[in-house]
Each structure stands twice: as structure tokens, then as C-alpha cells.
Protein chains: 2
Amino acid sequence: MQIHLHQTHHTLADFSTIFQTLKSSIKRPGIHLYPELFLTGYPLADLCLSAPFIQRYHLFLEEINAWASTLPEQDDYVCLLGGLSYDLGPEGVPVDIRNVVYELKAGSSLREIYTKRLLPNYDIFDEQKYFTAGQTPGIWEFGGERFGLLICEDMWASSFHHLDPARELAKAGPFRAVFNLSASPFDIYKAQKRRDRARALSTLFKAPFYYVNRVGGEDEILFDGSSFGVNGFETLGVAPRFAEHTLSLPLALATQYLPVGDDLEENTWESLFAAQFSADKSLPRRLRVWDNDECEMITEALKFGLQEYAQKSGFKKFLVALSGGLDSSLVLTIVKMSLLPGQEVEAIYMPGNYSSPISWDLSSKLCLKLGVRLNSLPIKFLHSTIKMNFQGTFTESFEGLTDENVQSRLRGLLLYTRSNQTGAMVVNTSNKSEIAVGYSTQYGDSVGAISLLGDVYKTEAYRLAEWINHKFGAVIPDGIIQRPPSAELRADQKDQDSLPPYERLDAILEGILSFRYTYKDLLTQGFSEEEVKKVFELYYKSEYKRRQFCPIIKIKSKSFGFGYRVPLTKNTGFYRPQP
Amino acid sequence: MQIHLHQTHHTLADFSTIFQTLKSSIKRPGIHLYPELFLTGYPLADLCLSAPFIQRYHLFLEEINAWASTLPEQDDYVCLLGGLSYDLGPEGVPVDIRNVVYELKAGSSLREIYTKRLLPNYDIFDEQKYFTAGQTPGIWEFGGERFGLLICEDMWASSFHHLDPARELAKAGPFRAVFNLSASPFDIYKAQKRRDRARALSTLFKAPFYYVNRVGGEDEILFDGSSFGVNGFETLGVAPRFAEHTLSLPLALATQYLPVGDDLEENTWESLFAAQFSADKSLPRRLRVWDNDECEMITEALKFGLQEYAQKSGFKKFLVALSGGLDSSLVLTIVKMSLLPGQEVEAIYMPGNYSSPISWDLSSKLCLKLGVRLNSLPIKFLHSTIKMNFQGTFTESFEGLTDENVQSRLRGLLLYTRSNQTGAMVVNTSNKSEIAVGYSTQYGDSVGAISLLGDVYKTEAYRLAEWINHKFGAVIPDGIIQRPPSAELRADQKDQDSLPPYERLDAILEGILSFRYTYKDLLTQGFSEEEVKKVFELYYKSEYKRRQFCPIIKIKSKSFGFGYRVPLTKNTGFYRPQP
């Protein structure tokens, strides 16, 4: 008996393509596993409440039933499909929506066999907003054997879930095998965590464990696939990440399972959002440095996320504003690396009064290396015209922030004007450190359709650049990597004049954002009162900029975006140490 | 015995002010009711997971206990306070967070007496993300009498809640009175709904019902207060809306309660999100027209929401871009009406190539009427400079959307440059009709700190303008109200050239957004295939603009913003009628 793990890749609600995929698996003997909510896509958010969506989906289910019932019956073939099941009220209004597994056999109709029990509702997950939880363990029989069923989060348990469907299921065993249908978002540590957990569960169930995950980029959230089978501590097979794939594995025989005690890792808040500090315990703490494999995986994720957004939105051209600094150079490089046949990327350099000539040289050098068309659109004249207009109209000073921001906003404007001309998608170039402290101009350098580096700290951006140069030859000129970061919005401006050194800033930010450290915790981590106070202040007062920011490709467990929900107006004095 | 309904008004997490408010009620005999989450503010979103917040809050609870325990004991005095109760894990990580009622007596410590049972988790509500529900009815004894306790949503029940705490509580009766501590967001119909529901519950409980609600604007969400007491169908008293207030009412005696059957209104999805069409059933359907009281309430809500955001963010100046059209004129008028001593508002008019001279005349007239400083910042020269630059640098055409958007973005840029100069808060001028169909330029006319009219359809904006002129004398020049709407971004441009008439557009949009109508439903409502198709298309393809939009003051049950969660990338073909 074969287990086919179909890690599918579709646009949300693209029913006809989903149907094609389903049809293509037919007639191959074995158990065919499809991801959680394969029949609709995930996450749907409010789409699953939309009447037009609900009607079309039900029509789709009828189409599947009509098609399947005409197929000759087949004993050795079955599909398990993730989908939605609705209870509709009097006027077609959804009363209950369940996240379920359907069984589909040739010659039969869809049969609902299991409802997801553990509905994740933290961070980016809103499942309790939409779905009603199942109450009973997933037990399914096929070919005279019993199998255990789980959907995604069901395989995890934690101190904040108050429910442990996997252990409950284990009590209902034994099973010939256990299947998990997932739509599990990517982060840098996720694939490893899933396999570790699956091995422990296989041992608990004393049965092989098969895990199928969807592939796709849904705005900011990536699904990596990386489906697998394990049998105790043995890995039966692993599918690639970020690619549609069918992994066919034999139904493994029960083996010798090493004993596992109560040490199934708890998926607590800490483990979900643990800050990733360096193993080196010297103070002040530093972020853990990504190894080469991690750099490769992150780069792949960013390319995939970018392409998913572009293709689903119909873009064939990309546009990047180059400043001669690291972030925009790295973004341009990754965009270029991601290009598919028929796609192109263009760079624009927009020098102002304080742009160093070296910024142009370095930008040209990079574009030459990458083979990317670079145009220059100076902002000096527009800048001085606006300044004169204002000085002629208003009495207030134009110096300082006013003079700085207008340059950044002129660049945003020119960039979008060019985007209007060519239909290119503007890729945002802000990094996570800047976004966290508000070191950007609203409607200026913060513009874009999607952000590539918004979940990548500045020090991590350096690491990625270094890895790219190491792996692909010196693509990004050394001059770009070595020059001190600057927004070039006033004379001799350097980031480090107004911010702590990035190595310290990033570690403090990770402490605040992911590990929810207090002021005191951060002092214990070796940071000074002055820098901790400064970072907290900048972080709290820039919330309004993050609210209007573009979607950020999510590569970590804690990111800005949909799963980050912080009120704009609030008293923030509470972070200060208490007397 | 007196019941004191304290409808309090604080910034989130402003513990010292909250403490002052609490102290000021002390020693007045009676039962003092404070709103849901009075001790922290609401909605906190992720703030309630933040370690600095949690530590400071626990310190605050200790401060309250230390203070209360030193007060001489008093038999005829008690406070019921909404607050959070945490179960913390090993490292201070929250395992369970409950939304509770604390009892506080002079000479004692805080005592947790009830946990909210019905945690709203639809639309703007994410309570199941943060809170753990209580399991038992709220029964509380004081002075030898039994009282029933509810927190906000507990008093509602619906087909999608699967729980009816009020009916369960009724079975545990009889009670001398029932109290509801609320943090209930404003919408145009909410105050009426609450009182209707309370009257039905008072009848069910056969006891007087006291309801206290908080006051505040939290970004987009408004809390109106409007606390009250009812006894059966008798109203004991009603507190004002949008103002801090203490309403003291006698503890009423049980009266003759008219029988109530099973007709307690069900709070279903339909009733929550019902489209508000005109009572006139002729086709095509039209929106219900606001009466004078409703116009007054909405204007009050918009002024309150604006001032809440401004004051909590520290703004004393406002800035509005006037176009000579209705929306910006109405926004300026409402901003001016809202001004407090020490505040000011400035208007800027930014004429371009296609701005009619009448736009300036009308803007000047309005500003003269309002006594608002008006400056003109022409964009023609900047516009033509950019056009020439582009024509010199690029081969692609500059006509059409490129030429239109650059004007809108120049206005956004100049507006924000002026805002940088004066520290003024930019008030967005888009209306709900425009936002719904994407009839605005990203980073252009869509900019702002907060949107006043983003939940007001264009036809409703006309109605508000008409009401303001009726109530306060002709403030907004007739010319502004009568001229056909235009973005003035190309020659002879009129909104109605590319959109259905606003009366029809708004009704279609309300059908799609609030009532989740299908294509077919809308045809039944009397709209043409052509216009329905056009609106659906424009609506679906403008999601990316709404994602980066500023917070919109929410005045309806279904609004764009936090409670509206729709994926950007998706297949949208499903709205089309099925073969």
C-alpha cells in the first residue's frame, strides 16, 4: 500500500484548478492525502463568510460528487481531502463552519470523516473566529485497518491550548498509521520542529506518521510544503520546500519504537516566540547568526513569497529604488535571483542634495553585475522647488525633519509614478530594525506592494548579503557592505548617530518583540539603561507607521503584520522600571 | 440603596489616572459599577501579552489592595470593577487570562467574583485569542441580597455563540437586580439595541437591570458610554453618550413584568451585519436616509473619534486638504466643529492643471465661513517638471493613470510636508464609497492619520452636509453640494463617468459588504448586470489599497478596518453567476 502526500499549490478559491489537481490523482492505488483546506485554500479569513464564496464552494462540492460517482468503484484507492463543511441557517447564512477531512472514493460522494479539534487562535491564526471545533478523535477505517487522523494544530499541544488531541487519539489506538493534513506556515525553524514533533508522536502512537502540508504564499504568510513521513526516529521521506510535489511512500510497518516519556515538547508561548539569541552567553547578548543552510532557506523563502504575490496579482515587472546602501542592494539582488522567464526588474536611483557620489558608483556597479537596467531620477530640483514654495508661502522653518522627509517622499512619489508607467510592482526595501524603531518616512521609503526584508533585522541583512556573495561570487560590491549605513537625508548623516549599533539594537528588539522582555530583563542581558530606554521609546512611538505598512513576507515566528496587533493610542509609561 | 454607574474615560493602560478615578468614588454609599476592563482599558489586543504591561498591571493591583486595606471598613459601600486576572506560568508567561469582575470593599482586597463567559470573537472582536471563558453563572451577594452579574457580550446570545449566559443566569435566580459591566463599541443602532435587549432581560430576570459602558476612542473603535438602568419596560435613567459621567440610580423594586416569551431577539449574523436599506421597497433599493437625530449622533461620534485620536497622540493642530468638493469640505467643517480651546485647523488647497477656478472660490468661501486659514500650494509646476523629467528619461507614455496619480501623490507629499512643518495631524478625506471601489490614489489622496468619512458612503456624506447646513446655518456653500463630484485629475473628469450613480453604487456596496449579497441577490434588488459586475470587480481589485489605509472611525456594524479581514491575493471569479 502506498501513501501519496500531495503537497498542492493553488490560489485561494481557484476551484477549477483545485478540481484538475484532484482529478489527476485518480486511479493510482493507495491512500492519497491532500492538505488541510485543500478544497478552498487557506487562510481564507472573512472570505469563508462571503455568500458568493459559499455558494460557489457548494457548487464545487456538487461537481466533485457528480464526477466521483460516475467513476468505477475501486477498493484500493481513496483520497483524504481537507475542506470546509458548512451548516447554513435559514437564509444561507453560516451557523457553523468546520475544518474537516473528507473521504472520497471512486464511485462515491464526499464523506465527512473528521473535524479539526485544536483551532489555533494566536498570532496570525484566527481560526476560532470562523470555525467550530470537533469533539471526537479522528478514527478512520480503510481496507480493514484503523488509521488515526489529525489536522495541523491537532498534533501540537500546549499549556495555553487546554486540549491535547494527539494524546487523546493515542488512547483510542492502536492505529496502522497516523495522518496529519496541514496548512502550516513557514518559519525558519518550523520544518525541524514539525519533524521532531512527528517523531515523538510516531513513537507515542507506535505507528508511522505521515504529514502533508500545502505550498503557497498568501500575502505575507508562506506555506512551504516540506511534507514527510516518519516511523519512530526513522525518516521515510521528505518532499521539497516551496514546490508542488507528490511524495509517494510505502505504508511502513510498525518498528521498534524507542520509549518516549512525558517529554513531548510543549508548544508553549515561550517555544513559539522564543527569541533567537546567540549560543554565546557573553553580554550584551547578540542575535544568533544564520548558518549557510539557513541563509539559503531564507533567500528561497523571500524569492518564493515575492513571486507568489507577483504572480497572483498579475505582475511581470518589478521596480526597486536603489540608494547605494545595503538593504536596497540586497532587495534588488534577491528580486533578480527570483526572476522567471518573461519577467524583468528595473532599478531607479534618485539622488538628492546629500547623496554621496559613491552611492551612484556602487549602485551602477551592482546593476552591471546583475544585468539590471538602472535609471537615475534626481530629486534635487524638485526638492529645492518645494522648499522655495514653502518658504514663499509659510513662515515656519523648513529645516530638520521637514527637509529630510520631503526627500524621502519625493522618492516614493517618483517610484510610484514609474510603477504607473510600466505596470511594475514596487518592492519595499525597509528592514525589520528600521520598521521597529520607525526609522523610515511614512509614504516615503516605506512604500511598496510587499516587503522582502521587513522580517529581517539589519544585521541579518548583512549576513544574507555576505552569504549571497560567498555562494554566487561577489555580486554585491564590498563597498556597499562596508560603508556605514545612512539615509543620506542630511549632511554627514549616519544611522549610528541616532540609533544604538545595529548588533545591539537588533538584540534588544528581538528581546522586546519576540521574548516580551521588560526593561529590567534587557539590563540583565547586558544593555545600558540609555539604549534600552531609547529603543523602547522609538518602538512605542512608531506604531502608526507600522499600521499603514505593506505586507511583510513572514519568515519568523513573531513578525510585524497580521499577527501583530498593538493599539496605536495607549499610555506607554508602563515599560519604565517601577520605583 | 443607590446604584452608581461610572462610565469612565481613560487612555489604555493609564493606571495612575484609573487609580484616581477609583479613589474618587470611595465613601459614597451604594453599589459602584465600573465598566468591563476598567482597570486596564479595552481593547488591549497584544498589549495584554506584553511582559512590561503585565508587570505594571500587577503592581497596580497591589497598589489598589494596599490602599483599600487601610480604609475603615464600610458595610454600605462596594465597588464592582472590570479587570484582567492572570494565571502566570513559570517565567511570568501568561497561561490563562480572564476578563473578570472584581469586588472591592473598603478595608479589604480585590476579590475576583465572576469571569466573562461569552467571549466575542467576530469582526473587530478577538477575545478568544486572549481570554479564557468562565464556566459558571455570575451570582453575587451583598447586604443579604443576591445579584446577577454579566459582562458585556454575556447579555447577548445568538445562533453562532452556542451559549446563552443570560438564560443560564436566569435559571439561577431570583435576583434583586442584574448588573452588566460593558465595553461595548458604538454604532449608529447600538444604543437602541442594548436598551431593547436589556428590557427583555429585565423581564426575563424579573428584576431591574443596570448597564454601565466605558467611554473612549481607541484608534478606530468608539465607546459611547450611554449607560442606563431599566426595570422591565420602564427606563430608570440614561447617561449621556461620548462623555465621562456617573449616573446614580436608586435600586428599583421589582415591578409588574409584562410576559416575555421566546422572542428575545436573536443576535444573529444577519442582525449584526444587516444592510440598512430604505423602508421604501421600490427597486433598485436605496440606503436608508439618516434622520436628523442620527445625523447629530454621527457628527458627534466623528468629532469624538477625531479628538480622541488627536489628544491621545498629542496633536493640537489639524490639517485638511481642500479640493472644493464635498468630502474635504465636510471633513474640514467637522474638524472645525470639534476644536477645543488651544487647538487649530488649517486648510490647504493644491490646484493642478484640471482644477476648476470654482474649486478655489468654493474653498475660500467655506474657509471664510468657518474662520479657517486657507493656503494655496499649486502643483502645476511640480507636475510639469516631473512629467518633463520622465519624458526625458523614459520612453513610455506619461498619459492616463500615470499623469492622474502623480497629481494626487504630489498633494499627499505637500500635505505631509506641511504637517512636518507645523506638527499638525493630517485628517484623511476619503469616503466609504471611494474606499470600497478603490477610487483613490495610494499614497495620494488616501493619506492621513485617521479617516473621518471612511465609514460614511458618499450619499451619506451629502446627507450630513445637508443636516449641518440645516442645523447651523448654511456653513457649506451650496455650490459644493450641488456640483457633480470629480477628482479633477484630467479634463472634464466626473466620478459618474466611471462609476454608477452614487445612490445606486452605495446601495450595491452595502449589499456586498454588510449583507454579503451575491451577484444574483443584487439583480433581484433591481440593479443591472453591468453595474453589479463593475462594482464587484472594482471592489475585489482594490483590496491592496484598503490594506495600507489609515484607521477609519467606525460608526457602523460592518466597516473597513480591523474587523474586515480579506486576503489580498485570491481568485475572485467566484462572485460571478454560475452557469
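1. Domain bounds here come from an automatic or database domain assignment. The model itself is predicted. On that assignment, chain A holds domain 1, covering 2-270, and domain 2, made of 292-494 + 545-564. The C-alpha centres of domain 1 of chain A and domain 2 of chain A are 39 Å apart.

2. The two domains of chain A touch. On the one side, 14 residues of domain 1 of chain A take part, and on the other, 20 residues of domain 2 of chain A. Two elements of chain A each supply two or more residues to the domain 1 side: strand S10 (215-218) and strand S11 (221-224). Sorted by class, that side of domain 1 of chain A consists of 7 nonpolar, 3 polar and 4 charged residues.

3. Next, the contact between the chains. Chain A contributes 81 residues and chain B contributes 81 residues. On the chain A side, the elements giving two or more residues are helices H2 (51-69), H3 (127-130), H6 (269-273), H7 (292-313), H10 (380-393), H11 (401-422) and H19 (543-547) of chain A. Which of the elements gives the most to the side of chain A that touches chain B? H11(A) does, with 13 residues. By class, the side of chain A that touches chain B divides into 42 nonpolar, 24 polar and 15 charged residues.

4. How the copies are related can be stated in numbers. The same surface serves both copies, since 100% of the contact residues of chain A recur in chain B.

5. One residue can be looked at by itself. Ser397(A) sits in the loop between H10 and H11 of chain A; both of these helices are among the elements giving two or more residues to the side of chain A that touches chain B. Is Ser397(A) buried or exposed? Ser397(A) is exposed, because 11 other C-beta atoms lie within 10 Å, and a residue counts as exposed at 12 or fewer. Ser397(A) and Lys387(A) are separated by 10 residues in sequence and by 9.9 Å in space, C-alpha to C-alpha.

Key. Residues are numbered from 1 along each chain as its sequence is written. Chains are lettered from A and ligands numbered from 1 in the order in which they are written. This is a predicted model: local features need pLDDT of at least 70, side-chain atom pairs count only at pLDDT 80 or more; totals for chains, interfaces and linings use all residues. Two residues are in contact if their C-beta atoms, placed from the backbone, lie within 7 Å. Helices (H or I, at least four residues) and strands (E, at least two) are DSSP runs, numbered from the N terminus. Ala, Val, Leu, Ile, Met, Phe, Trp, Tyr, Cys and Pro count as nonpolar, Asp, Glu, Lys and Arg as charged, and the others, Gly among them, as polar. A residue is buried if 20 or more other C-beta atoms lie within 10 Å of its own, exposed if 12 or fewer, and partly exposed in between; C-beta atoms are placed from the backbone.
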